[in-house]
Amino acid sequence: MSPVETQMRREVREIPVALQRLLDHGGEEIRSAASAIRARDPAFMISVARGSSDHVATYLKYAAELLTDTPIASVGPSIASIYKRQLRLTGGVCLSVSQSGKSPDIVDMTQMARDGGALTVAMTNHPDSPLAGAADHTLALHAGPELSVAATKTFVNSAVAGIWLLAEWAEDAALCAAIHDLPNRLEAAIGVDWSAAQDALSERNSIYCLGRGPAYAISNEAALKFKETCQIHAESYSSAEVLHGPVSIVDRGFPVIAFAAADEAESVLADVADEIAQKGATVFGTTSKLRYATALPTERTGHPLTDPIALIASFYAMVEQVATSRGIDPDAPRHLKKVTETR
């Protein structure tokens, strides 16, 4: 642990409690929105988000397509806020994700989607925000105040609210059970020892993060957190893409973290991680299927669609320690502020 506990560290430790609060108080709103989606039986969905919230949307894209066979496309908010276009969205569903619910472009896009015939569902930590006012259904995140600039517990509660919505829509009892067991699983996930990966970053300023399927969203979020809290240049790639060019800059000792859930993509991702390790990189992965890369201790959740949430909890605990070991305050990254309002 850091000599002086940061706000980010405290908020990471609060994740299980914040999640339990969502599970205790968010069910009625989530079931209502799920019922409305089920009644609509959408042929397609769109997502509207930026930053960490957009990584939540990527996670939900894969989850919705795997669970409900319904495609989700990410739509650029500028289509509404800057270009003033009206998309034809009759019969679709729009999922908007924003911790603050204040960014004008997210609000404008959500209102445009509603005007265009979509059923709109907003996920926000501020149910009295402008975004909530623009949506048909609002899912309050119940994460409590988040003071560190780096989103942690709001990311987790957004992801859980979204996967819970999909589970209720699909009436998937096994997934619902795994979701309700997550506070216990995340408590364990936060405590796993990823110090080996932390040590590999001590003198490096670049890293690759890899994922596939729902875990690709976690790779995206990890790369963002390395940049904003540690000032480490990090890039996220699907394991299907990294060998198509990016691997060329990998040299001996180049750090790589591969995020794998216990799903059909786990073995494929492990094979890519091993191939990069054989090229001289220092590669870590959240899977026991590795031969040459180093396996990180991993808390599984009993369902492949909730495994990525445990992975990000473990990562948050580690990346805070990476930041403080480099003399950086992760609560106040340079050039950043907690709420970014873009047009």
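Let's start with β4 and β5. In this predicted model, strand β5, residues 137-140, pairs with β4 in the parallel sense, over four bridges.

Strand β3, residues 93-97, runs parallel to β4, and five bridges join the two. Here C94 stands opposite T120 of β4.

Buried or exposed? Six of its six residues are buried, so the strand is largely enclosed by the rest of the structure. Buried here means under 20% relative accessible area. In a regular strand, side chains alternate between the two faces of the sheet. Both faces of β4 are covered. One side has L119, V121 and M123. The other has T120, A122 and T124.

Next, the second region. Five strands form an open sheet with parallel pairing. The order is β7-β6-β8-β9-β10. Which strands stand at the edges? β7, residues 233-238, and β10, residues 294-295. Each has a single partner strand, so one side of each is left without a neighbour in the sheet.

At the β10 end, β9, residues 282-285, runs parallel to β10, joined by two bridges. G285 stands opposite A295 there.

Last item: helix α12, residues 214-230. It lies across β6 (206-211), β7 and β8 (255-258). Its angle to β7 is about 170°.

Key:
Residues are numbered from 1 along each chain as its sequence is written. This is a predicted model: local features need pLDDT of at least 70, side-chain atom pairs count only at pLDDT 80 or more; totals for chains, interfaces and linings use all residues. Side-chain values use heavy atoms; hydrogens and water are left out. Two strands pair if DSSP finds at least two bridges between them. Contact means heavy atoms within 4.5 Å. Axes are lines fitted to C-alpha atoms, for helices over the stretch in contact, and angles run from 0 to 180 degrees between N-to-C directions. Buried means under 20% relative accessible area, exposed over 50%, partly exposed in between (1.4 Å probe, protein chains only).
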